[in-house]
Amino acid sequence: NRFKPNGIFNLAAETHVDRSIDNPKNFINSNILGVYNLLEVLKKYLKKNKKKIKFIHISTDEVYGDIKTKKRSDEESPYNPSSPYSASKASADHLVKSFVRTYKLPAIISNCCNNYGPNQFPEKLIPKLIYNILNNKPLPIYGVGKNSREWMHVYDHCEALLKIFNKGKIGESYNVGSNQNIENIDIAKKLLKIAKNKSLRVDKKTKIKFVKDRPGHDFRYALNNNKILRKLSWKAKISLQVGLSQTFDWYSNNKAF
């Protein structure tokens with residue numbers, strides 16, 4: 001009531017699939033109960049205030065599950081989550097949709113692909129690989145590295161979220177994708193090449209090391225982002241090569257992080 005916001009962006013979530021496998025309860029508490037609490041607070045706020053407000057709920061491409069073929073998930077694709085993490089995010093999406101329909105809450109959902117860029121927590125794939133290159137450690141890759149992910153620079157994602165807030169339609173979902181799919185092993189190879197191009201001495205111990213695959217590891221995520229392109233005129237601008245190089249520089253210059 002004190003701040004009277006015209007928008008709330010819910011980017012808060014318990015994340016990282018590995019940790020959801022080790023301890024699902026935290027994911028239930030944060031990603032399902034946490035979202036429920038936000039929706040209840042918003043409902044109460046709207047009873048007292050007539051001011052226009054939008055609730056933007058940031059979800060993930062993982063709710064659609066494993067996309068094994070060359071297809072891409074659109075906003076009408078069925079949800080098929082595989083891990084406790086993606087199941088908790090799918091549950092949150094369903095809650096948001098139910099509150100829109102039942103209570104007319106002004107909410108919009110975005111489903112984004114994998115993000116990367118500065119300030120990302122070092123447990124994530126790209127910062128972990130960069131950290132290991134900078135510290136002469138092996139590069140751990142699950143299985144045989146063929147799992148495919150769609151990557152987007154965080155700055156592109158932020159632009160998309162502002163576009164959704166300003167022009168998105170209440171009750172709709174928008175896939176936020178880059179169409180830049182790449183296998184995990186090729187991410188590691190690209191980062192090694194970037195390091196060498198920056199004249200960094202890459203230790204002979206710093207090479208790709210395959211590790212035991214995680215349980216239920218989805219093979220491929222891929223979004224169809226035609227809707228956001230068509231309806232909101234948004235598309236990702238930062239190429240993977242440029243973004244990875246800039247991200248490498250950031251971690252190289254912020255080793256204390």
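**View 1. Arg 149 stands opposite Ile 182 of strand β8.** This is a predicted model, in which local features need pLDDT of at least 70 and side-chain atom pairs count only at pLDDT 80 or more, while totals for chains, interfaces and linings use all residues. Residues are numbered from 1 along each chain as its sequence is written, and side-chain values use heavy atoms, with hydrogens and water left out. Three bridges join β6 and β8 in the antiparallel sense; two strands pair if DSSP finds at least two bridges between them. Strands (E, at least two residues) and helices (H or I, at least four) are DSSP runs, numbered from the N terminus.

**View 2. Three strands form an open sheet in the order β4-β6-β8, with mixed pairing.** Because β4 and β8 (181–183) stand at the edges with a single partner strand each, one side of each has no neighbour in the sheet. On average, neighbouring strands are turned by 50° against each other, direction ignored. Axes are lines fitted to C-alpha atoms, for helices over the stretch in contact, and angles run from 0 to 180 degrees between N-to-C directions.

**View 3. Helix α5 packs on the sheet and touches β4 and β6.** The direction of α5 makes about 75° with that of β6. Contact means heavy atoms within 4.5 Å.

**View 4. The lining of the largest pocket contains 22 nonpolar, 11 polar and nine charged residues.** Ala, Val, Leu, Ile, Met, Phe, Trp, Tyr, Cys and Pro count as nonpolar, Asp, Glu, Lys and Arg as charged, and the others, Gly among them, as polar.
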